[in-house]
Amino acid sequence: MSGTYYKYKALAGINVATHSIDELKALVHELLEQKIHGLSFSPYVEGQEPGVQITEAQIRERLSIIRPYVNWIRTFSCTEGNELIPKIAAEYGLKTMVGVWLDDDRENNELELNNAIEIAKAGYVDLLAVGNEVLLRDEMPESELIDYINRAKQGAAGVPVGYVDAYFKFVNHPQVSDACDVIFANCYPFWEGYAAEHALIYMKEMYRQAVKAGKGKKVVVSETGWPNLGTSGRGDAIPSFENAIRYFINTYQWADEEKIDIFYFSAFDEAWKTADEGDVGAYWGLWDKDRNLKYV
């Protein structure tokens with residue numbers, strides 16, 4: 001790769017497996033100082049979960065913590081106060097992949113979509129993600145999802161529109177892939193039970209499948225990550241500090257080499273996720289619940 005430009009020069013050609021934890025912490029520090037591409041951002045604090053109304057002050061406080069270290073954020077909803085995030089992010093110099101939350105509540109889906117279109121018309125949407133894993137959760141038929149995507153494209157003219165799901169759903173649903181301007185693929189070796197030492201190899205294969213399904217369209221890794229704590233692992237995938245920090249660095253080494261846009265999951269630990277994911281669900285953040293940066 002002679003002559004290749006690396007944004008993260010400290011990562012060029014290194015073997016993460018041979019570095020000590022202290023050396024890895026220094027690498028994470030350098031990565032964040034130079035800014036990573038994107039983070040999945042939810043403003044919930046301890047004791048909160050979806051369904052709670054989010055305040056502007058809370059959004060500003062959370063964004064102020066991560067803004068020095070990131071260029072983009074990804075949101076998940078356009079209701080319950082989340083619709084305020086894109087404008088505030090723009091004030092802070094951040095670009096936003098705005099999420100429209102879809103599920104089996106059709107009335108709320110309309111509110112989500114209409115709010116997103118209004119935010120886009122106001123100029124605060126850089127990418128629009130219509131739906132998040134509704135096919136994976138089996139909450140909506142393909143035809144209905146495509147209708148929402150098409151309505152978003154009509155209403156938010158000029159903004160690239162896509163859909164977020166596990167990478168293989170774009171292979172299984174080619175009509176959804178065709179409807180998207182951009183493919184937002186979630187790639188989680190952890191949830192598929194792959195050991196940390198093989199995780200990057202498998203994520204590359206996940207990405208390759210999404211690229212093939214996209215037929216030349218841009219593919220963004222909309223989520224990937226590794227938890228640092230928890231007892232509810234998957235197969236050979238073990239949550240630990242060492243596995244999490246090595247996965248983070250490996251991910252950005254690959255992203256830098258291949259020029260891939262990645263939204264790392266996630267900004268903050270969120271305890272409410274344990275209801276669906278077991279105790280491991282609470283430990284995916286780069287910052288813990290008390291706003292402490294974990295890996296530096």
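Mentor: Happy to! Let's start with Arg106 and Glu144, which form a salt bridge whose closest N and O atoms are 2.7 Å apart. Arg106 belongs to helix H4 (residues 106–121) and Glu144 to helix H5 (residues 142–155), so this contact ties together parts that are 38 residues apart in sequence. As for solvent, Arg106 is partly exposed, at a relative accessible area of 32%. Do keep in mind that this is a predicted model.

Next, take Arg60 and Glu91, whose side chains meet in a salt bridge at 2.9 Å, N to O. This pair also links distant parts of the chain, with Arg60 in helix H2 (residues 56–66) and Glu91 in helix H3 (residues 85–91), 31 residues apart. Arg60 counts as partly exposed because its relative accessibility is 23%, where buried would need a value under 20%. Glu91 is partly exposed too, with 45%.

Then there is Lys215, which forms a salt bridge with Asp178, the closest N and O atoms being 3.4 Å apart. Here Lys215 sits in the loop between helix H8 (196–214) and strand S7 (219–224), while Asp178 is in helix H7 (residues 174–179); the two are distant in the chain, 37 residues apart. Lys215 is exposed, with a relative accessible area of 59%, whereas Asp178 is partly exposed at 42%.

Coming back to Arg60, there is a network to look at: salt bridges with shared partners join Glu56, Arg60 and Glu91. For the whole model, the count comes to 14 salt bridges, with a nitrogen-to-oxygen cut-off of 4 Å.

Methods:
Residues numbered from 1 in each chain as written. Predicted model: local features only at pLDDT ≥ 70, side-chain atom pairs only at ≥ 80, totals over all residues. Heavy atoms only, no water. Helix = DSSP H or I, 4+ residues; strand = E, 2+ residues; numbered from the N terminus. Buried < 20%, exposed > 50% of the residue type's maximum accessible area, 1.4 Å probe, protein only.
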